Amino acid sequence: MKQSMSGIYLVTSIQPADVNWVHCMEEEQSKKVAKFCSDIMEELDTLLPLALASSENFLQEIRANFVDGCSKVAAAILSRLEERSKEVPSKAPVQNLYIILSSAMFIHRQLNHYENLLKESSKKPLFLLPIQRYQEFITVVQFQVTDYCVRICATSILQDAESHHWGDSKPFYEGERCSFSIQMWHYYCSALRYDLYNVLPSTLAQELLAEVLSECLAILACRYSQSCPTYNRTSQIRIDITAILLCTENLLWSVCHSDKALLQPEEGISRWIFTIHSYCNTLLSILAILTSPLEKLYEMNLGLCTDIKGGGEE
């Protein structure tokens, strides 16, 4: 299937059957890549059996030419992808960046595949430099994607003067809805989830979405912890934080690999999911402190101080 990406890219869907190496897990396969990348690698796949068959000494030149050709082609593709990545977001939409990242991962995995097949007759790595360069580029583009998404949320989507006027004596829409910024943030995260999972490998899409969600929750936790709402704006705080927690719960199902990661995250295994839970706990504490009746907070703190004092005397 082919489609246009804002007039810049033709992309093609990658099906599992298109990937020759069976050990590649489905979660690690790129779903869509730039068509020129797919076409070039298809040509190299056609030549691969000839290189594999050239194991005799007098045929080593054929294999050497294949390795040299692959390295030069990979370098040319990488140069093209780097050039295109610099056009985002000034000249091209951020969706192009997802295609670039997916294409780079596709080429990287293909080079690893060639390396694994050809290394049986070679004692030294054949594609070490191209693989390293692609890995570095993938890391850079991953940061570019998450940095762009977080900046858009922090500087645009989560900014709304009317919604964040905590000192207003009038209730926000009679206390019947959440802030517009929270609603738009939910729409943005849902659209981001769709875009990432529609293009990138599932494991990478999970990681990027989890990082963006965690960074956004950090911004929200900091913002609401510093708010001092009037009495009539207190209900908005309650609705906003409740909406944030519900939206996060909906997104968490898409970024967790298992039910254990969802319910009992471990920092060493799933860093971003662990921080997401931490920020949600912070928001829940903010919700309790800012919206609870003062007399209840006083009674709770008084009881806590009494328990601490009693424990100290014992």
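**Exercise 1.** In which loop is Gln-29 found? State also whether Gln-29 is buried or exposed.

*Solution.* The model is predicted. Step 1: Gln-29 sits in the loop between strand 2 (9–13) and strand 3 (32–34). Step 2: its relative accessible area is 10%. Step 3: buried means under 20% relative accessible area, so Gln-29 is buried. Step 4: Ser-102 is 73 residues from Gln-29 in sequence, yet the two C-alpha atoms are 8.8 Å apart.

**Exercise 2.** Determine how helix 1 and helix 3 are oriented to each other, and describe their contact.

*Solution.* Step 1: the axes of helix 1 (residues 35–53) and helix 3 (residues 95–118) come within 11 Å and cross at roughly 0°. Step 2: angles under 35 degrees count as roughly parallel, and the two helices are therefore roughly parallel. Step 3: helix 1 contributes Cys-37, Ser-38, Met-41, Leu-44, Asp-45, Leu-48, Ala-51 and Leu-52, which meet Ser-103, Phe-106, Ile-107, Gln-110, His-113, Tyr-114, Leu-117 and Leu-118 of helix 3. Step 4: by class, the residues of this contact are 11 nonpolar, 4 polar and 1 charged.

**Exercise 3.** Identify the residues that touch the most other members of the largest nonpolar core, and locate this core relative to the domains.

*Solution.* Step 1: the core has 84 residues, and those touching the most other members are Tyr-114, Phe-127, Trp-185, Leu-217 and Tyr-224. Step 2: domain 1 (30–140) and domain 2 (162–292) both give residues to the core, so it lies between them. Step 3: beyond its neighbours within four places in sequence, Tyr-114 contacts Met-41, Leu-44, Asp-45, Leu-48, Phe-66, Cys-70 and Phe-127.

Key
Residues are numbered from 1 along each chain as its sequence is written. This is a predicted model: local features need pLDDT of at least 70, side-chain atom pairs count only at pLDDT 80 or more; totals for chains, interfaces and linings use all residues. Side-chain values use heavy atoms; hydrogens and water are left out. Axes are lines fitted to C-alpha atoms, for helices over the stretch in contact, and angles run from 0 to 180 degrees between N-to-C directions. Helices (H or I, at least four residues) and strands (E, at least two) are DSSP runs, numbered from the N terminus. Angles under 35 degrees count as roughly parallel, over 145 as roughly antiparallel, 65 to 115 as roughly perpendicular and the rest as oblique. Contact means heavy atoms within 4.5 Å. Ala, Val, Leu, Ile, Met, Phe, Trp, Tyr, Cys and Pro count as nonpolar, Asp, Glu, Lys and Arg as charged, and the others, Gly among them, as polar. Buried means under 20% relative accessible area, exposed over 50%, partly exposed in between (1.4 Å probe, protein chains only). A nonpolar core is a set of buried Ala, Val, Leu, Ile, Met, Phe, Trp, Tyr and Cys residues joined through side-chain atoms within 4.5 Å. Domain bounds come from an automatic or database domain assignment.
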